[in-house]
Amino acid sequence: MTSVLSQAGYGKAEVRLVKVTRRPDGHDLCDVTVDVGLEGQFDAAYTAGDNTGLLATDTMRNVVYALAKEGPIEEPETFGARLVEHFLAAGPGVARARVHLVEHPWARLEVGARPHEHAFQRGAG
C-alpha cells in the first residue's frame, strides 16, 4: 500500500503585534494577533525530512514585525494583504498563503471630559 500526501502546509500561530504610531498631535495604537499558514509543494519535508526551501516559522514571525515597522497600520485588512503578498513571493513552493488577524481594541484614556492623545486603556469587545 502506497501513501500519497494530498496537501502539505505549515505556519506560525499567535504572533502578537502591538504597534504604536507616534504623531505630534496624538498616538495611534494597533494591537493584533496574526496567524500565518502556507500551503504548497512541501512534500519533501513530510516524506523525506528535507526542509530545503521552507520558510522557517521564526522567519514568519519576524516578517510580521518587519512589515509592521515599515509604516503605520491603517487597516488590519491592508496589512494582512501585504503579508499574503510577501509570503506568496517568499518561496517557489508556496502556492497559497493564509493570514488571519484578530484586532484587540484599545480606547483612548479619558482625562477629565476629553480623550488623552497619548494614553490608552484596553477596550471591550
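So, which residue in E2 is the bridge partner of Lys-19? It's Cys-30.

Before I go on: this is a predicted model, where local features need pLDDT of at least 70, side-chain atom pairs count only at pLDDT 80 or more, and totals for chains, interfaces and linings use all residues. Residues are numbered from 1 along each chain as its sequence is written, and side-chain values use heavy atoms, with hydrogens and water left out.

Okay, the strands. E1 (residues 9-23) and E2 (residues 26-40) run antiparallel, paired over 13 bridges, and a hairpin of two residues joins them. Strands here are DSSP runs of at least two residues, helices (H or I) of at least four, numbered from the N terminus; two strands pair if DSSP finds at least two bridges between them.

Now salt bridges, meaning a Lys or Arg side-chain nitrogen within 4 Å of an Asp or Glu carboxyl oxygen. The count comes to eight. One of them joins Asp-31 and Arg-16 at 2.8 Å, N to O. That pair links strand E2 to strand E1, 15 residues apart. Asp-31 is buried, at 1% relative accessibility, while Arg-16 is partly exposed at 40%. Buried is under 20% relative accessible area, exposed is over 50%, and partly exposed is in between, with a 1.4 Å probe and protein chains only.

Another one is Glu-39 with Arg-96, at 3.8 Å, N to O. Glu-39 sits in E2 and Arg-96 in E3, so this pair ties together parts 57 residues apart in sequence. And there's a salt-bridge network of Arg-23, Asp-25, Asp-28 and Arg-108.

Most residues other than glycine have a negative phi.
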